[in-house]
Amino acid sequence: MPRAPFAIGEHSVAPGGRATIDLPVSHLSDHTPVSMSVHVIHGKSDGPVVFISAGIHGDEVIGVEIVRRLLRATARKAVKGTLIVIPIVNAFGFMNHSRYLPDRRDLNRSFPGSPAGSLASRLAHLFLTEIVARSDFGIDLHSAAVHRTNLPQIRISPDNPVTMDLAQVFGAPVILQSPLRDGSLRGTAKAMGKDILLYEAGEGLRFDEHCVRVGVAGILRILRYRGMIGGRGIAAAQGTPQVCTSSKWLRAPSGGLLRTFRADGDVVEKGAVLAAVSDPFGEEEQEITAPFDGIIVGRAVMPVVNEGDAVFHLGRVASLSRAETTMDDVTTQMADDPLFDEDEII
């Protein structure tokens with residue numbers, strides 16, 4: 001028996017078809033309509049329904065590029081199940097180069113939302129009812145905020161073997177266990193029985209080729225693992241991702257000029273000097289050292305800091321040598337893998 005059409009909003013997509021659908025969100029103050037654009041690839045064969053979302057924070061543009069390359073690499077006839085792709089969830093923030101919505105709320109702290117609430121609450125409710133509720137599983141793409149950058153990493157909640165398994169398949173350098181937060185998409189989806197992988201990589205308002213390629217390759221591995229696409233052109237992850245069960249932000253001990261000696265992805269031992277903060281006259285200088293063996297999973301890129309600013313995000317590792325091997329394997333694979341861009345490879 002052929003599959004039924006996939007219904008979303010007031011639209012439907014026939015089996016074997018793909019379409020971009022605009023879900024109305026609101027109107028700007030000058031009455032310009034704003035919608036959430038959703039691209040649906042509805043396969044002829046049965047399979048899971050998976051969503052890929054980007055731009056929940058409007059300044060996190062790296063996810064938009066990952067989605068663009070993913071859609072170019074995914075042939076409609078090859079997909080089993082249904083793939084829902086939302087390149088820009090928060091169109092308001094994207095247009096204004098802002099993390100937030102016009103009401104100054106963080107969309108990723110506004111779930112589950114309400115159809116009669118604030119603008120952020122309404123958008124959260126729309127995304128939850130039209131996307132998450134229709135899906136079996138999701139991958140949400142993020143980056144660091146402006147003036148910070150993140151090493152490619154998958155974030156999962158502790159004690160969830162399903163997402164740990166999928167995170168290993170994704171193949172990002174680091175898997176970071178982090179608790180679910182109130183109002184987050186990941187936390188609300190979990191309460192609905194839906195698992196979500198959160199991919200963090202790169203910097204707000206910037207592209208990073210390495211982070212994009214890790215993201216595209218990881219999503220393709222997940223789709224293959226779930227039986228939605230074939231394996232042609234998709235290499236398995238080399239090595240084993242580094243699992244960090246905890247992490248800590250290291251903060252500037254004083255205000256001044258930040259000189260960093262280590263970069264994201266560096267594996268550092270306890271006591272290693274990561275940076276120094278100096279006053280503009282060069283009379284005083286304070287070092288920032290690693291409080292434990294770890295890997296730098298995020299850092300500030302702005303050289304001007306105030307006392308207490310978050311400077312390095314350090315993930316705890318049990319073995320320095322194993323962490324170094326992981327980073328070497330990922331770097332080698334990204335240099336060898338195809339770009340997955342202009343040609344359909346699947």
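Glu60 is located in the loop that connects S5 and H1, helices (H or I, at least four residues) and strands (E, at least two) being DSSP runs numbered from the N terminus. The model is predicted: local features need pLDDT of at least 70, side-chain atom pairs count only at pLDDT 80 or more, and totals for chains, interfaces and linings use all residues. Residues are numbered from 1 along each chain as its sequence is written, and side-chain values use heavy atoms, with hydrogens and water left out.

Glu60 has a relative accessible area of 2% and is therefore buried (under 20%; exposed is over 50%, partly exposed in between; 1.4 Å probe, protein chains only). Its side chain reaches the backbone nitrogen of Ser143 at 3.4 Å. Beyond residues up to four places away in sequence, Glu60 touches Gly55, Arg99, Leu141, His142, Ser143 and Ala144 (contact: heavy atoms within 4.5 Å).

Leu141 belongs to the largest nonpolar core, of 38 residues, where Ile52, Leu141, Leu197, Tyr199 and Ile219 touch the most other members. Such a core is a set of buried Ala, Val, Leu, Ile, Met, Phe, Trp, Tyr and Cys residues joined through side-chain atoms within 4.5 Å. Elements that each supply at least two residues include strand S5 (45-53), helix H1 (62-73), strand S10 (195-203) and helix H6 (209-225). H6 provides the largest share, 8 residues. Another core, of 31 residues, lies apart from this one and has Val49, Ile84, Leu101 and Leu126 among its members.

Leu257, in strand S13 (residues 256-260), is partly exposed, with a relative accessible area of 40%.

Definitions and conventions:
Polar contact = N/O pair within 3.5 Å; in protein donor to acceptor, adjacent residues only side chain to side chain.
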